[in-house]
Amino acid sequence: MTPPASDSNNANTETAIVKVLNPAPANARRIDMREIGFKGSVSETALEQIEQTDARAQRVVTTATRFAFR
Amino acid sequence: MILKGVELTPPGAQSLRQQIAGDKSNASVDALLAHVVELGATYAIVESPYTDRDYTSDYLNFYAGAFKAHARATKRVHFFRTDISKLFDLPLAEQVANLERLAGENKNYCGFVVVRPIAQGPIGRTVLRFPSIKKLTVRPAARADFQSHVLGVRVNVTGAPFIQQDMRLGACAQAAIWMAGRAVEARHRRTSSYTIAEITNLAINPTDSELSSSLPAGSEGLNPMHMIRALRGMGHQPLHMLFKDLDGGQLSSPTIKAPEVIHRYLDSGLPVVIAMADMGHAVCAVGYVEVPGKALREGGTHAVFARGLIVHDDQRGPYRILPLTENDIEHLPPERLMRGQQKILTVEDNVSHMFVPLPPRVFLRAENADIVVRDFIQTTGYAADQIAKAVGNGNSKAAAEIRSFFADVENKRWIQRTYLTTAARYRRHISLSKLDELMKSEIVPRALPHFIWVTELIDRSSKQDRRTGARQVVGHFVLNATSSTDYNNDILIAQFPHFVIHRDVNPVAENGDVLDDPAESMISFDEPGGYLGRTRTVV
């Protein structure tokens with residue numbers, strides 16, 4: 001059975017019967033990181049390291065047929 | 001069906017060995033029997049005949065067509081820690097009731113071995129419990145629950161499945177893939193169950209000149225391409241890694257540290273097929289052993305606490321140990337060490353290839369997740385003063401602890417432990433942990449993809465909580481494991497002492513458009529937020 005569509009006229013009724021069970025803590029101290037000049041982008045050094053790892057994975061393909069495991 | 005009981009006294013064990021391997025030397029059978037005795041097994045029940053699905057598949061695909069007649073049925077041997085022979089003097093109804101009670105008591109059931117009627121490779125599908133090793137902690141990776149039946153009574157064992165190659169349908173490569181695949185199938189239920197014959201069939205199609213040089217095709221070994229093909233055909237996303245440089249076809253010094261790389265996948269609860277090119281041999285790593293105390297060596301990954309890998313080697317037996325380095329050898333039980341030409345093998349010296357059966361939706365590799373986290377900590381450290389001021393908010397203790405944390409980053413005090421898990425398991429662990437309740441309520445409701453990498457930061461001098469427990473975590477990171485080459489969006493949650501950075505990778509502008517740049521926000525807490533990390537223990 002299709003559930004009844006939400007009726008904006010009954011919003012108050014819905015509010016009374018539907019509630020958020022895990023609300024975010026009201027007194028949490030939130031800071032936008034841009035306000036303190038922080039941007040967590042990955043550095044060039046890290047990207048180079050990642051490229052090296054990926055390049056290693058690609059070399060596997062060219063060497064894969066040289067070995068047989070028995 | 002006939003059940004025969006064998007007391008595992010030295011003569012009894014010898015008689016059982018004779019039933020399994022005949023007069024032939026077989027290192028795997030010897031190692032297997034030594035393992036069950038070490039588990040405390042004192043009594044074996046041999047069930048015959050037993051129809052095993054794996055051997056039936058082998059039989060259909062090869063043995064049924066051979067001119068020489070091969071037996072159709074197998075035997076299955078069950079191992080118990082107590083002598084249950086008297087039970088069989090009782091009426092059948094009482095036998096069942098008593099066996100049900102006994103099997104469940106105090107790890108009484110140690111597991112089972114299917115014995116194939118194949119002289120060159122008698123050990124079929126086998127599941128035995130993980131070992132306990134003195135002064136070390138065994139961390140199972142390819143652990144799954146298996147059920148078998150004795151007299152209609154269901155008995156359970158948790159272990160890593162083992163099988164021997166039969167040298168007709170498959171070689172060590174297929175046996176290692178079978179062991180990895182069966183463990184994933186039994187634990188995660190995301191792939192089907194494949195027999196050795198089916199694995200070979202996946203590996204050899206399409207065929208090539210190398211495969212065609214052996215008859216039946218694939219019976220004399222597989223190369224890495226064939227192994228990748230088989231794993232893919234089985235529904236895994238194979239991750240292949242080469243640990244050694246090639247110089248004119250010869251292997252020279254390692255460039256990526258195999259112990260660190262392999263350890264992360266094992267710590268994710270995944271089996272890892274590892275291969276040794278210099279020996280032409282493949283095995284399946286099913287866990288690792290770690291020390292209860294502080295780090296053993298230099299390095300920034302969790303492998304600094306590990307001594308060796310626990311390995312199923314179809315030619316040397318179940319639960320062998322492959323030391324990480326030469327320095328680890330003397331601290332490990334000599335009878336379980338893997339030897340090749342009288343030399344003890346190590347991960348650092350001998351392992352050349354790795355194959356990980358990853359879930360199909362994981363696109364971020366562990367090595368890259370680790371690099372991204374290390375970089376993020378570094379970047380955050382550049383803003384440590386501003387963060388300390390913002391978090392401090394009048395709390396000088398919190399500010400001092402944040403500065404101290406980043407000073408210790410420079411001192412290389414923190415170890416990164418990176419493992420793959422699901423959002424559900426992560427949330428469960430965090431919810432049950434001793435993490436500050438406010439931090440929990442900030443972290444647990446965050447939207448996460450199904451698969452995530454978690455990196456725990458651990459003090460390199462920390463010890464296990466009680467014996468075999470986890471180590472204290474000072475901070476942790478959650479990364480999107482389903483992301484690929486989008487490293488600026490990989491980290492979703494970063495929990496440092498006293499603050500959590502949350503990254504919204506799908507920020508929405510006021511006009512409703514989804515923005516490209518992620519939005520990062522910080523929430524500060526009075527408590528630092530330490531807790532015990534995830535742990536896997538032998539059951």
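In chain B, strand β23 (residues 499-504) pairs with β24(B) in the antiparallel sense, over six bridges. Pairing here requires that DSSP finds at least two bridges between the strands, and the elements themselves are DSSP runs numbered from the N terminus, with helices being H or I of at least four residues and strands being E of at least two. Within this pair, Asp504(B) stands opposite Ala519(B) of β24(B). The structure is a predicted model, in which local features need pLDDT of at least 70 and side-chain atom pairs count only at pLDDT 80 or more, while totals for chains, interfaces and linings use all residues. Residues are numbered from 1 along each chain as its sequence is written, and chains are lettered from A and ligands numbered from 1 in the order in which they are written.

Strand β24(B), residues 519-524, also has a partner in chain A: four bridges join it to β1(A), and the two run antiparallel. Arg29(A) has Ser524(B) as its bridge partner there. Chain A itself holds two helices and one strand, arranged along the sequence as α-β-α. Of its 70 residues, 11% are buried, a residue being buried if 20 or more other C-beta atoms lie within 10 Å of its own, exposed if 12 or fewer, and partly exposed in between, with C-beta atoms placed from the backbone.

How many residues of each chain are in contact with the other? For chain A the count is 32, and for chain B it is 47, where contact means that the C-beta atoms, placed from the backbone, lie within 7 Å. On the chain A side, β1 (29-32) and α2 (44-63) are the elements that give two or more residues. Helix α2(A) gives the most, with ten residues. By class, this side of chain A has 16 nonpolar, nine polar and seven charged residues; Ala, Val, Leu, Ile, Met, Phe, Trp, Tyr, Cys and Pro count as nonpolar, Asp, Glu, Lys and Arg as charged, and the others, Gly among them, as polar.

Chain B is divided into domain 1 (2-358) and domain 2 (366-532), with bounds that come from an automatic or database domain assignment. Their C-alpha centres lie 37 Å apart.

The largest nonpolar core has 171 residues, and Ala176(B), Ile262(B), Val273(B) and Leu479(B) have the most contacts inside it. Such a core is a set of buried Ala, Val, Leu, Ile, Met, Phe, Trp, Tyr and Cys residues joined through C-beta atoms within 7 Å. Helix α5(B), residues 172-188, gives the most to this core, with eleven residues. Leaving aside residues up to four places away in sequence, Leu479(B) touches several residues, including Leu364(B), Ile452(B), Trp453(B) and Ile491(B).

Helix α3(B), residues 53-61, has four named residues on its buried side: Asp54(B), Tyr55(B), Asp58(B) and Tyr59(B). Seen down the axis of α3(B), these fall within an arc of 135 degrees, so they line one face of the helix; the arc is that of the directions from the helix axis to the C-beta atoms. The face turned away from that side carries exposed Arg53(B) and Leu60(B). Among the elements covering the buried residues of α3(B) are β3 (74-80), β4 (109-115), β5 (123-129) and α6 (196-203) of chain B.

How values were computed:
Two residues are in contact if their C-beta atoms, placed from the backbone, lie within 7 Å.
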